[in-house]
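Please examine the sequence and the structure shown here. The paragraphs that follow lead through selected parts of them.

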Amino acid sequence: MLGNHPPGDPANLNNFTTSGRNPTRNWRVRINQTQLVSQASTVLLQRHSKLWAPLLKPLKFSSNFTPSLFHQILNRIQTHPKICFSFFNWAQKTLDFKPEIGDRCRIIRILLGSELYLLGKPILDSIVQDYPPAKIFPLLIQSRKAVDFQNNPLVMNSVVECYCSKQMYLQSLEVYHMAKDYRIGLSVDSCNTLLNLLGHKNELKLAWCYYASIIRNGVLGNRFTWSSIARILHKDGKFERIAKVFDVGIFTPEMFDLIIDGHSKKGDFEAAFDYLNKMCGKEIEPSFSTYSSILNGACKHQDGEIIENMLSLMVEKGHIAETPVCDYDSIIKKLCIEGKTFAADLFSERAYEEKFELQHGTYECMLVALLSEESRLEDAIKLYNIVREKNILLSESCYSEFLMILCKENPSREITNLLMDIIKRGFFFQPKELSGYIWKQCAEGRWREAEEIFNAVLNRGFLLDSTCCGTIVKRYCSSGQIGKAIVVHNKLEELKGSLDIAAYNKLLAALFRDNRAEETIKVFDYMKACKIFDGESFKHMISGLCRVKELRKAMRFHDEMLELGLKPDRRTYKRLISGFG
């Protein structure tokens, strides 16, 4: 593996010297290396990459290639970033060069500093997935004394945007703060990208703190910044404050849409129409989204007059057909994408009244939209029951989303039945959430319902987490249902699953009480294979086997316990070995 010491690092001299005690030889080696760097750099700069191998062969370039040589050559050719990139790839392919993180960061720095984003981004992508920002950042910035220190903002902008593209907003924030500490200013576009992502992820407190920070850091916002601020205000329930943005002379269609939507949801249609008129006064054409916000609010508050007025206005503006019989699917889907679920309900009800059968995909759009609104889970459940009656098969992602949301609810017979239906259909993507739901059932004493879901999951060949499985097994042990506990463990073993250590210890004790020594040994062997055991486990095995006079087996486990360093305290150990007497 090649190292990544920067050129000029004293550590690199070790690559050029064979004996620190021979200054003459060291001097000659340095001269030879300097000549090699010069000759190789000339070839790279003046010849096509196809000719590099034959031209460098007389120089014995391959046998002399070192990390230091790589960096010294980059120093010579870094003003030609595309050649640097070609050399980087050529060295990996031809010389079996294995670049470490420092080598990759050096190339990234050269490419991004020259605004060659398409070439640098794939390499940057490869390191942000494997290393934390604290490891990457120092390798990507130049010393303040470096000639190209001014390139650092270009590099940091790309890093922040790279993390944002992967939805990794915490890492983006970390890079931003480190850049700020080094007084590296980010561009307003990069700042906007992160601000927008924080709003999208509903990290509203973080978004406000970050916005305050970039303002203090001297970043002057633009229209995109204000649009992000408007979205955050809307999500934060403070949509009225968007009007203050209007006061400074900034108007965008999205800002008007957001403030109109906020007033419509509250049922303040006077304010909604007032902003609609202001929007038109600014010669900004209201869109389908604008009108559907008011329609959605009217449907939510059951204001029949405004509903009919908005429908007429939307027909007049060409957003919906005058007789939308054949257009119900597209209208409902469009409303669902906009998050206007009450308006979507209006059209689905009219489709039903007119005996128009909606497409299966339309039902899924409606369900997904309802699931995105916390207050409409009951309506989502009603729609799901209709979907079941119509034998409509939904997508895997839709089932997964529905299951995850149901698991967050308090246990009930209705929720359990819905989860059972999804599991029996073979859709199971959320072991953590479903394990949590079963744990809540157990905590409330809903054991029968918990067992139903638990057994359904195992029978479909899926695994839950070890603590969840352990809770069920401990219940069986406490209630004397050892046979059921064995069945569960056999199934887990078949699926390569396991229990938690507390459940295993309880199972071992219960098996010995039920005179199942052979099954106990089998369970314990599996525990050891999974490396799930402790001193308590060995105590159960030794004392249990002594009681049934399996002294040779007990001694074997005793010796194993001592080898593993799990010998108990003196009093416990004395009591334990008394079983051999």
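Which residues does K340 touch, not counting residues up to four places away in sequence? The model is a predicted one, in which local features need pLDDT of at least 70 and side-chain atom pairs count only at pLDDT 80 or more, while totals for chains, interfaces and linings use all residues. Residues are numbered from 1 along each chain as its sequence is written, and side-chain values use heavy atoms, with hydrogens and water left out.

Beyond that span, K340 touches D261, S289, S292, S293, N296 and L335, where a contact means heavy atoms within 4.5 Å. K340 is found in the loop between α19 (328-337) and α20 (341-353); helices are DSSP runs (H or I, at least four residues), numbered from the N terminus. Because its relative accessibility is 6%, K340 counts as buried (under 20% relative accessible area, with a 1.4 Å probe and protein chains only).

Another part to consider is a helix pair. The axes of helix α29 (residues 501-513) and helix α30 (residues 517-530) come within 8 Å and cross at roughly 160 degrees; axes are lines fitted to C-alpha atoms over the stretch in contact, and angles run from 0 to 180 degrees between N-to-C directions. The two helices α29 and α30 are therefore roughly antiparallel to each other (angles over 145 degrees).

Finally, confidence is expressed by pLDDT, which runs from 0 to 100 for each residue. The chain averages a pLDDT of 88, and 92% of the residues score at least 70. Over residues 143-149, however, pLDDT stays under 50.

Methods. Buried means under 20% relative accessible area, exposed over 50%, partly exposed in between (1.4 Å probe, protein chains only). pLDDT is the predictor's confidence in each residue, from 0 to 100. Angles under 35 degrees count as roughly parallel, over 145 as roughly antiparallel, 65 to 115 as roughly perpendicular and the rest as oblique.
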